[in-house]
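Dear colleague,

Please find below the structure that I am handing over to you. A short account of the findings follows it.

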Amino acid sequence: MHETFDLPDSNLVGITLSDTLTEEDYEAFTSVLEDQFAAHITTRILLVVEDVDDWAPEERWEDLAFDVRYLSDVDKVAVVGDDLWDRWLEKTEALFPMSTIQTYDAADQEEALNWIRGGMDVPGVGPGSASDPEASFSDEDE
């Protein structure tokens, strides 16, 4: 299962992955990222992994890769979760080979957000947008 969530800057993508990832999750995951790539110079991803136990069909997820023209569009990926398996991290590195990837425990999601937002100080250039230094996850409910 997948779920997207809003983050304080337009060029940030938040995606939660949990349970068994399906063909529909695969299609939605790639669609969300392709939309971001089309809209922004650079995209940053906060990937929250919660109890992912499998993906089906496995060969589809095994082959997950983006067109070479998108490889430099993602400069940072934060992977958050308590049970991050090496196999999942290898897939993240294969999917975003030109990105800086950092992992965080689930309790450190705010720290992960701060890290992916770092360095976004020039509107419309480089990372894509100026960040709001006062924004946080708690702002989403307002």
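Helices (H or I, at least four residues) and strands (E, at least two) are DSSP runs, numbered from the N terminus. This is a predicted model, in which local features need pLDDT of at least 70 and side-chain atom pairs count only at pLDDT 80 or more, while totals for chains, interfaces and linings use all residues. Residues are numbered from 1 along each chain as its sequence is written, and side-chain values use heavy atoms, with hydrogens and water left out.

I begin with the negative surface patch. Its members are E3, D19, E50, D51, D53, D54, D82, D83 and D105. D105 lies in the loop between β5 and α4. With a relative accessible area of 45%, D105 is partly exposed, a class between buried (under 20%) and exposed (over 50%), using a 1.4 Å probe and protein chains only.

Strand β3 also holds L47, which counts as buried because its relative accessibility is 3%. The C-alpha atoms of L47 and I15 are 5.1 Å apart, although 32 residues separate them along the chain.

Helix α4 spans residues 109-117, and A112, L113, W115, I116 and R117 are buried in it. These buried residues pack against β2 (12-21), β3 (43-55), β4 (74-80) and β5 (100-104), where contact means heavy atoms within 4.5 Å. Just after α4, G119 adopts a positive phi of about 85°.

Yours sincerely

Definitions and conventions. Patches are made of residues with over 30% relative accessible area and no salt bridge: like charges are joined within 9 Å, nonpolar side chains (Val, Leu, Ile, Met, Phe, Trp, Tyr) within 5 Å. Accessible areas come from the Shrake-Rupley method with a 1.4 Å probe; for residues, only the protein chains shown count as cover. A salt bridge is a side-chain nitrogen of Lys or Arg within 4 Å of a carboxyl oxygen of Asp or Glu. Lys and Arg count as positive and Asp and Glu as negative; His and the chain ends are not counted. The place of a charge is taken as NZ of Lys, CZ of Arg, CG of Asp or CD of Glu.
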